[in-house]
Amino acid sequence: MGLIRDLSIQISQMLAVLLLAPLLTGFIRKAKARLLRRQGPRLLQPYFDLVKLVRKEAVVAQSASWLFRVAPYIIFATTWVAASLVPTFATGLLFNWSADLIAITALLGSARFFLALAGMDVGTSFGGLGSSREMMFATLAEPALIMIVFTLALIARSTQLSTVAGFMLSPAVGLRVSLALALIALVIVAIAENARIPVDNPSTHLELTMVHEAMVLEYSGRHLAMIELSSQLKLLLYISLIACVFVPWGLAPVAAGFSAHAIGAAAYVGKLAGAGFLLALFETTVAKMRVFRVPDFIGVALMLALLATLLRFMSRGL
Amino acid sequence: MPNLSEILDAFPEIENHRPWPRRLVDAASWRALTELLAEGEISLLGLWGDAGHVHMAVLATEPWSIAVASLACANGKFPSVGRHHAPAIRLERTIHDLFGHEASGAVDKRPWLDHGRWRLRAPLGQQTPPLGQQTPPLGERTTPPAYDFVKNIGEGLHQIPVGPVHAGIIEPGHFRFTANGETIVRLEERLGYVHKGVEGLMAGAPLARAARLAARCSGDSTVACSLAFSRAVEAAMGVEVLAGAVSVRALMAELERLANHIGDIGAICNDAAFALMLAYCSVLRERILRACYTGFGHRLMMDAIVPGGLSVDFGENEAEVIRQLVATVRLAMPQLIELYDDTASLQDRTAGSGVLKRELARRFACGGFVGRGSGRSFDARRDVAYPPYDRLSFDVPVLQEGDVNARVWIRIKEVEQSLGLIEQILTSAPSAGRINAEPRATQACATEGLALVEGFRGDILAWVRVAPDATIERCHLRDPSWFQWPVLEAAIEGNIVADFPLCNKSFNCSYSGHDL
């Protein structure tokens with residue numbers, strides 16, 4: 001019975017992230033539109049868009065190789081697995097042992113690798129442009145993420161997310177400078193990785209300024225649906241990660257009763273909405289930065305994360 | 001070196017060309033004019049073809065004066081102006097495409113508007129079938145010859161073709177970037193995708209139809225184009241427009257400038273992903289367009305200006321709508337300016353990018369915010385001083401920086417000036433009612449007229465020859481974009497690829513008005 005129960009909670013968590021991801025994107029779009037005094041599309045529009053894309057014919061360029069066709073599925077699979085590993089409303093899930101921060105980083109890294117390859121596969125200039133920009137950003141964002149992971153691991157003495165979340169909930173955590181630095185760094189990495197303003201503009205139509213969109217410019221139909229869903233999952237993943245590590249309140253242990261899980265779920269939705277609104281607010285108040293300034297921006301994340309790790313090494317209290 | 005008047009005064013003025021003189025010159029004087037242009041003594045206003053002739057309108061500085069020189073093309077050839085004065089190159093290529101007159105000694109002999117898809121070559125001239133083939137049957141698609149882009153060779157250089165179909169809903173134009181990584185080494189434009197044959201359609205058209213065509217050259221400058229055309233026709237036919245109509249025309253022109261400038265300010269910021277500015281500016285622009293609809297019966301005020309006067313009534317009720325609009329815009333502008341000026345991330349994008357050098361702006365005689373953002377102080381409203389601007393007071397803002405930020409600021413300052421102008425026009429209370437002194441066919445022979453009118457992009461040149469039966473024999477409308485598109489190529493050099501949309505938007509050149 002215990003196994004079935006654990007499995008069902010794990011599966012419900014996996015489905016929850018998949019089903020909530022488009023809603024989060026819809027919510028952010030709506031919030032942005034309202035901030036601009038526009039009506040905006042309805043909340044469920046991303047779902048309709050995905051259904052529409054799946055139904056449409058997938059047009060593939062003549063010069064595309066097998067890689068171009070399989071990449072969307074690989075990207076989707078790795079991102080989904082990574083997203084389901086992050087505790088959302090409950091900790092200590094069945095696949096808990098694999099919910100390792102380094103594993104998540106690696107999964108996201110491989111998704112990016114395939115996306116960049118797919119961008120260059122067709123051989124159009126925009127795909128190559130997007131891939132090269134993405135890689136330029138990634139060379140700084142990935143080490144920054146790794147340094148953040150190290151900081152957390154040094155503090156919580158584990159890279160397991162459930163353990164980290166548990167430690168953060170305990171009084172032992174206290175106020176730490178290194179945690180604050182890691183949080184700022186993680187937010188910057190999240191903005192850069194999810195192609196949000198000021199690094200990239202998810203709603204742009206200017207093909208020359210695109211980063212993420214330029215790589216997927218050649219995709220259509222179900223392939224595009226997979227890519228879109230992966231990006232939505234990735235955004236959800238980063239928000240879940242920040243929520244799980246830095247605001248873990250409401251997270252229920254897997255053994256807790258139904259009511260604890262319900263509270264955890266409600267808290268999770270609340271966190272998503274809060275983060276989504278903050279993101280929308282931030283995006284309306286800044287302009288996009290020059291492409292060559294982005295490395296400085298992500299470099300700040302890397303430096304902060306590095307500083308956080310160093311501080312941890314030098315002093316237990318920080 | 002002889003100056004402009006010394007060159008031109010040797011030739012008699014052609015009769016019935018108003019208000020500035022046109023002279024038929026010889027090839028030597030044509031060359032002398034070309035040299036003056038190259039020296040920067042005078043600026044080129046327009047270069048256009050005609051049956052067996054080419055015409056060149058030039059602007060002399062201090063004092064501002066305009067002159068037209070015409071040259072008969074011996075054996076279909078004329079000495080190239082573009083060889084010494086680059087701004088003329090595309091105009092010469094167009095003359096060749098439309099009329100078949102060849103610029104001898106030209107450096108660039110590629111076609112410009114003719115993409116090889118027309119059923120005829122030189123449709124306004126000899127009308128010969130396309131190269132190496134018979135006239136294809138109507139509707140049959142032929143493969144056009146490949147366009148020979150300028151080759152850029154070097155280590156690590158790669159090409160990025162953009163357009164003519166863009167990801168956004170904008171007009172078509174092709175941009176060929178040669179980039180080294182992110183840095184743009186060279187940009188080459190290819191335009192002509194929206195060629196509509198307006199000059200061909202104008203030939204032989206009655207005045208009313210020609211006026212409608214002129215209004216449709218470029219939708220965002222419809223008032224300015226109509227005004228330029230109408231003023232040229234009125235000059236040719238000697239029609240005196242009533243003072244009331246003159247005022248209302250200027251009112252419309254300023255409203256058009258207001259709407260476009262505010263729309264542009266928002267759109268430029270949106271290209272830096274600052275959607276907030278676009279949201280506010282769009283609301284403001286919409287208010288202006290709605291007020292125009294109430295006041296003139298059309299959101300863009302299309303066809304409201306006709307040769308002889310106006311086709312709409314403008315009374316006290318309409319004036320009140322515009323007064324309220326001015327109050328609304330005056331209230332909203334300071335907040336918008338503050339938002340633009342206080343957003344550091346936005347300033348970081350606009351300041352210092354896409355710098356157009358002063359010297360280049362002067363050489364190409366760039367009009368509007370492009371020229372005035374780069375230190376070229378010319379405004380047809382002030383310097384040609386056509387009515388009613390001769391009795392209105394306003395400033396012509398000029399900045400020296402030449403970057404995107406300067407072009408935004410010129411727009412902001414011109415919005416303020418336009419608001420002041422609208423107020424002045426409204427206080428002098430234009431008389432109500434339809435005012436239209438319809439031009440009649442009274443003259444014995446063909447007459448010609450020239451007009452230079454300040455549109456929101458810059459000075460629009462209109463030249464017409466009206467036949468004795470009051471139909472248009474030949475009409476040439478030169479959009480300000482002719483002298484702005486080429487400098488965009490220069491301004492973008494050395495910038496990064498991702499900054500092009502922002503720079504391009506700050507120039508906001510017209511495709512339609514250029515391709516005509």
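How many Å separate the centres of domain 1 of chain B and domain 2 of chain B, taken over C-alpha atoms? The centres are 27 Å apart. You are looking at a predicted model, in which local features need pLDDT of at least 70 and side-chain atom pairs count only at pLDDT 80 or more, while totals for chains, interfaces and linings use all residues. Residues are numbered from 1 along each chain as its sequence is written, and chains are lettered from A and ligands numbered from 1 in the order in which they are written.

**Stop 1: the two domains of chain B**

Select residues 4–104 of chain B for domain 1, then 220–480 for domain 2; these bounds come from an automatic or database domain assignment. Here 19 residues of domain 1 of chain B are in contact with 19 residues of domain 2 of chain B (in contact means that C-beta atoms, placed from the backbone, lie within 7 Å). On the side of domain 1 that touches domain 2, β1 (17–18), β3 (42–50), β4 (53–60) and β5 (65–72) of chain B each give two or more residues. Helices (H or I, at least four residues) and strands (E, at least two) are DSSP runs, numbered from the N terminus. β3(B) gives the largest share of that side, six residues.

**Stop 2: a four-stranded sheet in chain B**

Now colour β2, β5, β4 and β3 of chain B, which in that order form an open sheet with mixed pairing (two strands pair if DSSP finds at least two bridges between them). β2 (22–25) and β3 of chain B are at the edges with a single partner strand each, so one side of each has no neighbour in the sheet. The twist averages 25° from one strand to the next; angles run from 0 to 180 degrees between N-to-C directions, and axes are lines fitted to C-alpha atoms, for helices over the stretch in contact. Zoom in on β3(B) and β4(B), an antiparallel pair with eight bridges, where D50(B) is opposite H53(B). Next, show helix α2 (residues 27–39) of chain B, which packs on the sheet and touches β2, β3, β4 and β5 of chain B. Helix α3 (residues 89–99) of chain B also packs on the sheet, touching β3 and β4 of chain B.

**Stop 3: a three-stranded sheet in chain B**

Select the open sheet β8-β9-β10 of chain B, with antiparallel pairing. β8(B) and β9 (residues 174–180) of chain B pair over six bridges; look for V162(B), whose bridge partner in β9(B) is F175(B).

**Stop 4: where the chains meet**

Show both chains: their contact takes 27 residues from chain B and 22 residues from chain A. β8(B) gives the most to the chain B side, with five residues.

**Stop 5: helices of chain A**

Finish with helices α2 (residues 45–55) and α9 (residues 221–246) of chain A, whose axes come within 7 Å and cross at roughly 150°. That makes α2(A) roughly antiparallel to α9(A) (angles over 145 degrees count as roughly antiparallel). Residues to click in this contact include L50(A) and L53(A) in α2(A), and L224(A) and L229(A) in α9(A).

Key:
Two residues are in contact if their C-beta atoms, placed from the backbone, lie within 7 Å. Angles under 35 degrees count as roughly parallel, over 145 as roughly antiparallel, 65 to 115 as roughly perpendicular and the rest as oblique.
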